[in-house]
Structure formats: structure tokens, C-alpha cells
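Dear colleague,

Please find below the structure that I am handing over to you. My notes on it follow directly after.

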Amino acid sequence: MPELPEIRAHAERLTADLAGITLARFEPLSFTALKTYAPPPESAHGHALRKVGARGKHLLLDVEAVTFVVHLMQGGRLRPDTSKTKRPRNGVARWHFADGRRLLLTEAGTERRAGVWVIAGDPLMQEPLAGLGPDADVVTVEQLTALLAEHSMRLHTFLRDQRVLAGIGRRLANEICHHARLSPFVGTRGMDEGQVAALHDAIATTIAEGLADERARADMSASKDRPAQVHSRTGEACPVCGDEVREITYNRYTVNYCATCQTGGRILADNALSRLGVDREDWGRGRQHG
Ligand SMILES: [Zn+2]
């Protein structure tokens, strides 16, 4: 799933391409595309796109009269539409601009969860953005300390919960825990000051690296091309210590980690998670997990 670095760099790219161009027409291509009833998307027709912003994993198309909030979910992409067809493959929605250009939202796969919200007024104060935690790269160490105390969870779950911190999915959560040399299953209330400082630094560093990598690209990266030391690297050597990168699965979540760097050499077995106190509720609680 695209996370904060991919979304933010893509917002910058779209702004550079399309800012100032008048929106002629918004066209939903699937009946699940539009998540709101009012205001109607037609109220944006004839208005210029001011810019494309980002909040957590959402893109915000600011079209003077309204904002289109777009969530790409797992397989969604928002790209210039070069197809000539009325019904593009995997099409979810399309924006037609007055200069003839079009922007197409597609979603690969069968989940059909990507969508568009049309918002009047301040989009940050309304669903789906109102309940989000602060964007992960702007939290101060003091804010992070308070959030950790407030939400008793395993660290990996905490990082991926969009209502706590916005913009982090599975890749960044794996990378952040590894960078901070913390177990993905450490309890958020069991961390000392040094560990919180390491976590704060890991969040900032990992997101900055992702953003630099993403800004150097002409289009949003595929997940396999994003920088990773442990994420999806099961069986490969940890670039820090040379130990083997491990994976552990709980329900449908796969977590990658290095035992030497993160768990004092302890190898976590799937059936040992219950002994660690990682229960179904803990893993199922977060909304919008990535
Ligand atoms: Zn290591």
C-alpha cells in the first residue's frame, strides 16, 4: 500500500502537472467510487484545481469549490489517463480537465476499496480525515511519548493505526522498528525514554528516506522498488548485522524483523505470539491497517 512518502511525493507531482487547470467534469466509473452524497461532484465543474495535497495515506484534490479526497487503498493508482476507452480497465473514477487532459483512478485486484469523497469546507475536519492521528513525520518526541502512553498496544500495531499516527503501513512499520532496534511486539507503555527517542528518530529518518527516493521518480513506485532493509526480505541478510531477516505471521499480517538487531537474538515463532500477549483483539483493533 502506498504510505506517506509515496502519497506526498505523488501529490507534489500532480500539483506540478495540473495546478491551475479547470476541471470540466468528474466521472465515476464504478458504483463504489463515490463515498459521499453531498455536495454533488458537479459542484466542482468549471473550477480550477488549486493543488493536490496529502494527509496520511490520502490525496486531496483542492478544486476551489470542493475537495476530492482520494484513498488509493492497496492497489489504487491516480495517473494521467492515456486510454481512449470509455471504460478503462480497473477504472474507479476519472477527472476531465478543460485542456483535454484526464486523471484516472484505477484499482487493481478484486477488493474494490479505493474511493473518492467530495467535501465542502475544511476537509481536515470531516470524514474520512477528521479522526486521523497527526501525520507521522511531524510528531514531536513529546507528542509521541503522550501517544504511546495513551494507546496500550504492541508497537507494530500502534504504528499502523491511522487514528494514532497517519501515514504508516506495513513496510514503514517494519522499517521503523528495525531502524530503532525495537521488537515489533514491545508494549507501547513498556518503552523507556531512550527507546522512545530512537523510535522518534526512526520514524523521521525512514519517512525522509522514502520521500527522497520517491521524489526522484517520475511516477509512484511499485512496492517492491521501495527502500527496505527488512520489509519483504525474509531469508536475506540484515544489512546492519548480517543475521537472517525473519518473518512472523499473525492472522493476515506478516511482520519482518531481525532477531539480532531487535529481539536480543530471540526468534519469534508464530505460536509464541500468544505467550507474548499478542491477541486477536490487539491485532484486529486498528482501522485502516496497511
Ligand atoms: Zn540485524
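The axes of helix H1 (residues 4-18) and helix H5 (residues 193-215) approach within 8 Å and cross at roughly 40°; axes are lines fitted to C-alpha atoms, for helices over the stretch in contact, with angles from 0 to 180 degrees between N-to-C directions. H1 is therefore oblique to H5 (angles under 35 degrees count as roughly parallel, over 145 as roughly antiparallel, 65 to 115 as roughly perpendicular and the rest as oblique). Helices are DSSP runs of H or I with at least four residues, and strands are E runs of at least two, numbered from the N terminus.

The model is predicted: local features need pLDDT of at least 70 and side-chain atom pairs pLDDT 80 or more, while totals for chains, interfaces and linings use all residues. Residues are numbered from 1 along each chain as its sequence is written, and side-chain values use heavy atoms, without hydrogens and water.

On the H1 side, Leu 4, Pro 5, Glu 6, Arg 8, Ala 9, Glu 12 and Arg 13 meet Ile 207, Gly 210, Leu 211, Glu 214 and Arg 215 of H5 (contact means heavy atoms within 4.5 Å).

The buried residues of H5 include Ile 207, Gly 210, Leu 211 and Glu 214 (buried means under 20% relative accessible area, exposed over 50%, partly exposed in between; 1.4 Å probe, protein chains only). Among the elements covering the buried residues of H5 are H1 and helix H2 (141-150).

His 231 lies in the loop between H5 and strand S9 (245-250). With 11% relative accessibility, His 231 counts as buried. Beyond its neighbours within four places in sequence, His 231 contacts Arg 170, Arg 171, Asn 174, Glu 175 and Asn 256.

With kind regards
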